[in-house]
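Here is a short note for a colleague who is meeting this structure for the first time. Please read the points with the sequence and the model side by side.

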Amino acid sequence: MIARKEVELYSRYPLSSIVIYNGITVLHYLLGGVGIILGYNFSWSAYLLGSAYLIFAFIQMYLIMPLTVCPNCVYYRLQNSLCISGLNVISKKIARAGEIKDFPKRGEGLFCHNNLYMAAKIIPIIVMIPALILNFSILLLTFFLSVVGLMLFRVFVVFPKIACIHCRAMNVCPNAKAMGINKGS
Ligand code: SF4
């Protein structure tokens, strides 16, 4: 469990945190999508797979999340708030308010948003492994290691030190619970 007694909870995350969070997210998807296309030699099926991945990744993050998860989040209702992704602002414009008690539903069921979110991070890593065996190149290896690095940076630095540790939703968030940072508040 991470001790967070003196850690401030943010109603508005600093711009630097929001830029880091969205920056590594967008970079992960772009490097993943281009890595898939590169890994399968720019064939039509590579373009199809890479494009399908990119569409899925961006839609689950920047459309499905504000439509289905954010309306139940405390940041949706908090006046003048700005969450780690800034998606609470978009959610308010495109979705009706939900219920905070439903927020944990983000982690329930096979096709819950948590699983879509994780799939968008893991898919390019898995898809690039056979490509590395079949069509190895230093460039492809660089894409692969960059995506793995972004994943590790997200899990070990961004979640526990920049995002979740300052989040006002941590007490009802299944992700914070899984990381052990929802206690002691
Ligand atoms: S903190 Fe809340 S409003 Fe922001 S992205 Fe996460 S669920 Fe949506």
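The numbered points below go from the overall fold to single residues.

1. Basis of the note. This is a predicted model, in which local features need pLDDT of at least 70 and side-chain atom pairs count only at pLDDT 80 or more, whereas totals for chains, interfaces and linings use all residues. Residues are numbered from 1 along each chain as its sequence is written, and side-chain values use heavy atoms, with hydrogens and water left out.

2. Fold. The protein has seven helices and zero strands, where helices (H or I, at least four residues) and strands (E, at least two) are DSSP runs numbered from the N terminus. Read along the sequence, the pattern is therefore written α-α-α-α-α-α-α. The radius of gyration is 18 Å, close to the 16 Å that the globule rule gives for 185 residues, so the protein is as compact as a globular protein of that length; the radius is taken over C-alpha atoms, and the rule is 2.2 Å times the number of residues to the power 0.38. Along its principal axes, the C-alpha trace spans about 50 × 35 × 30 Å.

3. Among contacts (heavy atoms within 4.5 Å) between residues at least 6 apart in sequence, 72% join residues at least 24 apart.

4. A search of the whole structure finds six aromatic pairs, counted when the ring centres of Phe, Tyr or Trp (its six-membered ring) lie within 6.5 Å, with planes under 30 degrees apart called stacked, over 60 edge-to-face and the rest tilted. One of these pairs joins Tyr 29 and Tyr 53, whose ring centres are 6.5 Å apart and whose planes stand at 80 degrees, so the pair is edge-to-face. Because Tyr 29 lies in helix α1 (residues 15–39) and Tyr 53 in helix α2 (residues 44–69), the pair ties together parts that are 24 residues apart in sequence. The rings of Tyr 29 and Phe 58 have their centres 5.3 Å apart and their planes at 80 degrees, so this pair is edge-to-face as well, and since Phe 58 lies in helix α2, it ties helix α1 to a part 29 residues away in sequence. Ring pairs link Tyr 29, Tyr 53, Phe 58 and Tyr 62 into a cluster.

5. Ser 91. Which residues does Ser 91 touch, leaving aside its neighbours within four places in sequence? Ser 91 is found in helix α4 (residues 87–94) and is in contact with Pro 66, Cys 70, Pro 71 and Tyr 76. Ser 91 counts as buried, at 0% relative accessibility.

6. Asp 102. This residue is found in the loop between α4 and α5 (113–134), and Asp 102 is buried, with a relative accessible area of 17%. The C-alpha atoms of Asp 102 and Lys 177, which are 75 residues apart along the chain, are separated by 15 Å.

Methods. Buried < 20%, exposed > 50% of the residue type's maximum accessible area, 1.4 Å probe, protein only.
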